Amino acid sequence: MSAAPGTSTGADPIIVLDGVSKFFAGRGRGEASVARGVRAVDDVSLRIARGEVFGVVGYSGAGKSTLVRLINALERADAGTIDVDGRRVTELGERGLRDLRADIGMVFQQFNLFGARTVARNVEYPLRLAGWSRDRRRARVAELLEFVGLSDKARSYPAQLSGGQKQRVGIARALATSPHILLADEATSALDPETTRDVLDLLRRVNRELGVTIVVITHEMSVVQYVCHKVAVMEDGKVVEHGDVYQIFADPQTQATCRFIQTALKDRPAPDVVARLRERHPGRLVVVTLPDTGRGFDVTAFTTGLDARAAVVYGGVTEVGDRPFGSLTLELTGPQTEDAVTRLRDAAPVVDLGTAADPLDDARWVESIARKEGA
Ligand SMILES: Nc1ncnc2c1ncn2[C@@H]1O[C@H](COP(=O)(O)OP(=O)(O)OP(=O)(O)O)[C@@H](O)[C@H]1O
């Protein structure tokens, strides 16, 4: 398949939202009903760069789906402007909207395949709508099915496929007319973890090999962790935090973001875990966020030459955006423990839990963020 230009992330924005709001009126009529209705999207400004995988994460009702429907103009904004690939979506007429939607592929949670049509016919559908000749359609469908690894399923019906296979068909169909943008709305939410990983790997290939900009809507931070370059966290219609995924994981600024990160990463001990650790490990407990040195983290360096011992008692190291990420909780013992803590602090962010006999409270991760917010 031919690759679109700009496969790496860059500053060139392909989607720009500026002060965008969408209200849904309540049951009443007129202006007053807006006040009682829902601000599904509330003054949102975002820039999504060409070639990027951009995540929008939030709980149910946060406004994620409405945001996506505003981007492809299935909903019209009540305030603000939306630009997609150089077009001002908020001012497009019918014809302009048709062109816009041809440039945006959609993938859905429930796949939305035609049950009475074969896999090949499903993938072919947008090409028929676009008026492609029979020969071109046939060649394109074969190319797409090969790309998603389903060449042998061309004559199968959706009911004969697994959930992951159905979503591959959905992705092939969304890519049929070579859109520059793919909107994936909870594309893996109906899938088990292993199949989710396969589908996310396919989305990564779509981004890297075809240069397609992907907007991933999800309530799972692990999806963001695995596949996204940038992320916006939504709560009550607002974007409460956005930026580089690694930065957001490393230094979240809001409680909402902290809660999402904790669902993806279990490396930091929650307060109940700290209580159990203190029972087993009476020494000084410190949580060390591992710096991305590119050389790994030498735990022994902090006690070498000192009368102190560091034992790993909790933690985990994983990847965020292809970079190592995680934390270790260490129990430090021995007369020169304080010197070891000083060395650790020079090398990495450290949260001091104190000892079982003299505990410190400032280690509670979420609560420390709460203080940061002044909450
Ligand atoms: N057509 C509509 N009419 C009235 N209210 C709506 C409409 N669409 C969405 N809403 C409301 O707007 C808010 C945001 O909904 P939206 O579906 O965008 O959230 P979401 O984050 O995508 O949630 P979910 O993951 O459950 O789909 C919700 O309060 C929802 O009830």
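What share of the contacts between residues at least 6 apart in sequence joins residues at least 24 apart? The share is 70%. Two residues are in contact if their C-beta atoms, placed from the backbone, lie within 7 Å.

## Basis

This is a predicted model: local features need pLDDT of at least 70, side-chain atom pairs count only at pLDDT 80 or more, and totals for chains, interfaces and linings use all residues. Residue numbers start from 1 along each chain, as its sequence is written.

## Whole chain

The chain has 13 helices and 14 strands. Both are DSSP runs, numbered from the N terminus: helices are H or I with at least four residues, strands are E with at least two.

Along the principal axes, the C-alpha atoms fill a box of roughly 80 × 55 × 35 Å. Of the 375 residues, 39% are buried. Buried means 20 or more other C-beta atoms within 10 Å of the residue's own; exposed means 12 or fewer; partly exposed lies in between, with C-beta atoms placed from the backbone.

## Helix α4

Helix α4 covers residues 119-129. Its buried residues are Val119, Ala120, Asn122, Val123, Glu124 and Leu127. They pack against α5 (134-147) and α6 (163-175). Gly131 follows α4 and has a positive phi, near 80°.

## Leu210

Leu210 belongs to helix α7, which spans residues 193-210. Is Leu210 buried or partly exposed? Leu210 is partly exposed, because 19 other C-beta atoms lie within 10 Å.

Arg76 is 134 residues from Leu210 in sequence. In space, the two are 29 Å apart, C-alpha to C-alpha.
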